[in-house]
Amino acid sequence: MRAEHEPAWLLHHRPFQDASRILEVLTREHGRLSLVARGSRSARSRLKGVLRPFLPLRLSWVARSELGTLTGAEVRGAPIALTGDALLCGWYVNELVMHLVHRHDPQPEVFALYSATIERLRGGGAAPALREFELELLGLLGFGIDLERDTATGKPLEPGQAYEYRVEHGPVALAERQGRLVFPGAELIGVRERRFDDPAVLRAAGRLLREVIAFHLGGKELRSRKVLMDMRGPQGP
């Protein structure tokens with residue numbers, strides 16, 4: 001397979017052999033790929049300032065196996081400058097894509113969502129941006145969170161009722177109002193409606209999505225999430 005000038009983002013890179021790197025990239029038409037950038041760590045490489053995260057790219061490559069070979073890279077837009085919490089959140093978004101999106105699965109919608117989220121992080125409001133991204137990504141990958149009805153009775157969620165969210169089933173009404181994944185119906189409805197300007201809804205979304213994503217990660221811990229929680233506590237972005 002050969003691709004030319006494909007819109008892409010660099011998610012992660014690691015050293016390979018003496019002067020090369022292996023790139024994890026997200027492309028618009030070919031999905032997530034691994035590419036070797038030969039000689040890209042050498043002092044004379046013209047790619048040293050190009051192959052950077054959060055820089056819109058156009059990549060060319062040839063692939064005869066799971067690991068392709070980069071044949072060209074150019075910038076297709078201005079770098080998105082992320083600092084502080086926004087930078088850590090950007091690394092979290094990258095990790096989430098790397099762990100949840102399968103290789104060689106073209107999903108232009110995921111590419112568009114990623115692009116919009118990185119742009120949004122530059123403008124501030126990291127926590128609402130992350131919750132939107134997590135909800136949309138899960139939906140696009142077939143892991144969508146259903147907050148319309150009580151899955152035991154089929155009745156619409158009621159604001160005054162307490163519900164336990166069961167990851168493999170959905171919300172179920174409970175008499176008690178305490179528990180790791182127990183929420184007032186009003187908060188779950190707020191999450192469904194993306195009312196993240198409400199602090200209680202934003203906290204509920206963080207608590208809910210942390211558990212759902214952990215389930216789909218199968219026990220893998222994201223380093224960026226751990227750093228964020230160490231810095232900001234359990235209620236951090």
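1. The model is predicted: local features need pLDDT of at least 70, side-chain atom pairs count only at pLDDT 80 or more, and totals for chains, interfaces and linings use all residues. Residues are numbered from 1 along each chain as its sequence is written, and side-chain values use heavy atoms, with hydrogens and water left out.

2. The pLDDT (the predictor's confidence in each residue, from 0 to 100) averages 91 over the chain, and 95% of the residues score at least 70. Confidence is lowest in helix 6 (residues 223–232), with a mean of 64, and highest in helix 4, at 98. Helices (H or I, at least four residues) and strands (E, at least two) are DSSP runs, numbered from the N terminus. Where pLDDT is low, the predicted coordinates should not be read in detail.

3. Helix 4 (residues 185–192) is largely enclosed by the rest of the structure, because 6 of its 8 residues are buried. Buried means under 20% relative accessible area (1.4 Å probe, protein chains only). Among the buried residues are Glu187, Leu188 and Ile189. The buried residues pack against elements including helix 3 (126–140), strand 8 (182–184) and helix 5 (199–217). Arg194, with a positive phi near 60°, follows helix 4.

Key
Buried means under 20% relative accessible area, exposed over 50%, partly exposed in between (1.4 Å probe, protein chains only). Contact means heavy atoms within 4.5 Å.
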